[in-house]
Amino acid sequence: MSLRRRAVVVHRRTELDELLDRHGTRGQAEFFLRTRGRTLDDVQRRHDAVVAARASVAAAVPGDWAFAEVERADLGRFLWAPEDVVVVVGQDGLVANVAKYLDGQLVIGVDPEPGANPGVLVRHDARAAGRLLAAPGRAQVAPLTTVRAVLDDGQELTALNEVFVGHPSHQSARYRIELGGSGGGRVERQSSSGLIVSTGTGATGWCASIAHDRGGRALPGPTDDRLAWFVREAWPSPTTGVELTEGVLGPDGELVVVVASDELVVFGDGMESDRLIASWGQEIRVGLGPRRLHLAA
């Protein structure tokens, strides 16, 4: 017996929602915006676009499906099911935020303001999303690579764009780095602003800026079984080196980081509030994630 399909619409509070929470009334919110050279009209327009896109998606859900909505802040508390079809309405980053909680579910990224976002992950408008909901089994899927960090106590974290390992306040982090897997075995003690390990999806974001500053590097594609890694601002000293500062990890490759500070943090996709904490002597292993994000192409 097949389980009942469910459409789950993921969204985040709009700027208008947050302004009203902070200032209480539209009049006070409008006054606040005017002091910063902005108007409420633009904020209202963008709010209306998100609301309209969500309503359009909800109206397109087949009648025999279940339906749920979840805000970004509640993603970690939501109970996901294998038969869910996830519709993300918002910016590209919202798809990355939800990716860590999924395991094989189809994801449809909806841009409520076509042309206003890069559209790397939110590739469809609301009408196209409706057509995909009508026949999800026929959707062309891009299996996007993920990256995973695992601590030696069993805690782990998966990300779609990149994983960051570093000091909680982005000051100097001290650790020992080892390049594992085939061609590995190289070890170095370092002091740096932290390191990132990025997928091909993340290669259009934070990783792209670092690669550009290094003179340009060939980065993986979104579905490649490869990860790019960079150490940020490695500091040369009598006890710390600057040789192992960038590279590419293949299917069996990994970076092993042994903490030599009071604590380092590990977080993915810029979600610093949802992080792992590793203390002195703990080992962090970063490599390809075992799951891919199934994004409707």
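**Exercise 1.** In which loop does G205 lie?

*Solution.* The model is a predicted one, in which local features need pLDDT of at least 70 and side-chain atom pairs count only at pLDDT 80 or more, whereas totals for chains, interfaces and linings use all residues. Residues are numbered from 1 along each chain as its sequence is written, and side-chain values use heavy atoms, with hydrogens and water left out.

Step 1. G205 is placed in the loop between β11 (195-198) and α6 (206-213); helices (H or I, at least four residues) and strands (E, at least two) are DSSP runs, numbered from the N terminus.

Step 2. G205 is partly exposed because its relative accessible area is 35%; buried means under 20%, exposed over 50%, and partly exposed in between (1.4 Å probe, protein chains only).

**Exercise 2.** Determine whether N161 is buried or exposed, and list what N161 touches.

*Solution.* Step 1. The loop between β7 (156-159) and β8 (162-166) holds N161.

Step 1. With a relative accessible area of 17%, N161 is buried.

Step 2. Not counting residues up to four places away in sequence, N161 touches A96, V197, S198, T199, T201, G202 and D269; contact means heavy atoms within 4.5 Å.

**Exercise 3.** Describe the second largest pocket by its volume and its lining.

*Solution.* Step 1. A pocket is found on a 1 Å grid over the protein atoms alone, as an open set of points with protein on both sides within 12 Å along at least five of seven lines; a cavity is a set where a 1.4 Å probe fits but cannot get out, and lining residues have an atom within 4 Å of a point.

Step 1. The volume of the second largest pocket is about 240 Å³; a volume is the space filled by probe spheres set on the points, which are joined across faces, edges and corners.

Step 2. The lining has 15 residues, and D92, N161, T201, T204 and G205 lie nearest the centre. Helix α4 (residues 92-99) gives the most, with four residues.

**Exercise 4.** Where does T145 lie, and with which side chain does the side chain of T145 make a polar contact?

*Solution.* Step 1. T145 belongs to the loop between β5 (141-144) and β6 (147-151).

Step 1. T145 counts as buried because its relative accessibility is 2%.

Step 2. The partner is the side chain of R292, at 3.1 Å. A polar contact is a pair of N or O atoms within 3.5 Å; within protein, one must be able to donate a hydrogen and the other to accept it, and residues adjacent in sequence count only if both atoms are side-chain atoms.

Step 3. T145 and L293 are 148 residues apart in sequence, yet 6.8 Å apart in space, C-alpha to C-alpha.

**Exercise 5.** How many cavities of 30 Å³ or more does the whole structure have, and which residues line the largest cavity?

*Solution.* Step 1. The search finds one cavity of 30 Å³ or more.

Step 1. The largest cavity has a volume of about 50 Å³.

Step 2. The lining consists of A99, L102, D103, G104, Q105, T146, T158, R291, R292, L293 and H294.
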